Amino acid sequence: MLLLKKNTFIKLTAKPKLFLLAALAVALTACSAEYTPKPKGYNRIDLPEPAYRQLEASHPYTFEYSKYAKIRPDSSSIAQPHWINILYTSLGANVQLTYKELNNNPKMLNDLIEDARKLTGKHQIKAYSIEETEVRTPQGDVASVFELEGEVPSQFQFYVTDSTKHFFRGALYFKTATQNDSLAPVIEYVKKDIVHLLNTLQFREKR
């Protein structure tokens, strides 16, 4: 289970396999007296202690993100205002964030939720498990979190909405062909950062 600060409402269950690999990575890093060979193709991954800073750009939302990551605007051909990426260049990870203003439009909200589920469902071919959990953030917004297992390019996705004005979606991707088992400690590390993002996410009202 990811350990969150007191009075937060988002709780995620880490799978035993991932937890074991993460614990093993920590144990190997802490042991400097003797060297334990790793399986072929599994590179050593040194992960820093989590530390966060506030998103300063003028978007209709704000949150805290990792000090070891960089914020970059989405440069894709379909990018819209306030679409950004959180890049972990040293880890080869990218959290893609998109935003839509709802304007009190229930149909738009339903369409965006359906699109989010369809985008997650596209990974069903390679995923052997997709678990959806609905939670409420400390700010009272509704969030759905999707955890995917298997050799999928995106292992963690979510959306958050206040149901009337804001719709915020995110997806974690890795720019590597390495098997997810070997990336398990990194996946868990970035997932904890995303949980922190969700716990600190606040929508800004127009002035």
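Predicted model: local features only at pLDDT ≥ 70, side-chain atom pairs only at ≥ 80, totals over all residues.
Residues are numbered from 1 along each chain as its sequence is written, and side-chain values use heavy atoms, with hydrogens and water left out.

**View 1. Q139 sits in a loop between two strands.** Look for Q139 between β7 (127–136) and β8 (142–150); strands are DSSP runs of E, at least two residues, numbered from the N terminus. Q139 is partly exposed, at 35% relative accessible area (between the buried limit, under 20%, and the exposed limit, over 50%, with a 1.4 Å probe and protein chains only). Beyond its neighbours within four places in sequence, Q139 is in contact with L198, N199, T200, L201 and Q202 (heavy atoms within 4.5 Å). N199 is 60 residues from Q139 along the chain, yet their C-alpha atoms are separated by 8.0 Å.

**View 2. R169 is buried and has no salt bridge.** This residue belongs to strand β10 (residues 166–174). Not counting residues up to four places away in sequence, R169 touches several others, including L97, L119, Q157 and F158.

**View 3. Residues E64, Y65 and S66 are among those that line the largest cavity.** Others in this lining include Y88, D193 and L197. What supplies at least two residues each of the lining? β3 (64–66), β5 (84–88) and α3 (184–200) do; a helix is a DSSP run of H or I, at least four residues. On a 1 Å grid over the protein atoms alone, a cavity is a set of points where a 1.4 Å probe fits but cannot get out, and lining residues have an atom within 4 Å of a point.

Note on methods: Lys, Arg positive; Asp, Glu negative; His and termini not counted. Salt bridge = Lys/Arg side-chain N within 4 Å of Asp/Glu carboxyl O. 1 Å grid on protein atoms, 1.4 Å probe; cavity = no way out; pocket = protein on both sides within 12 Å on 5 of 7 lines; lining within 4 Å.
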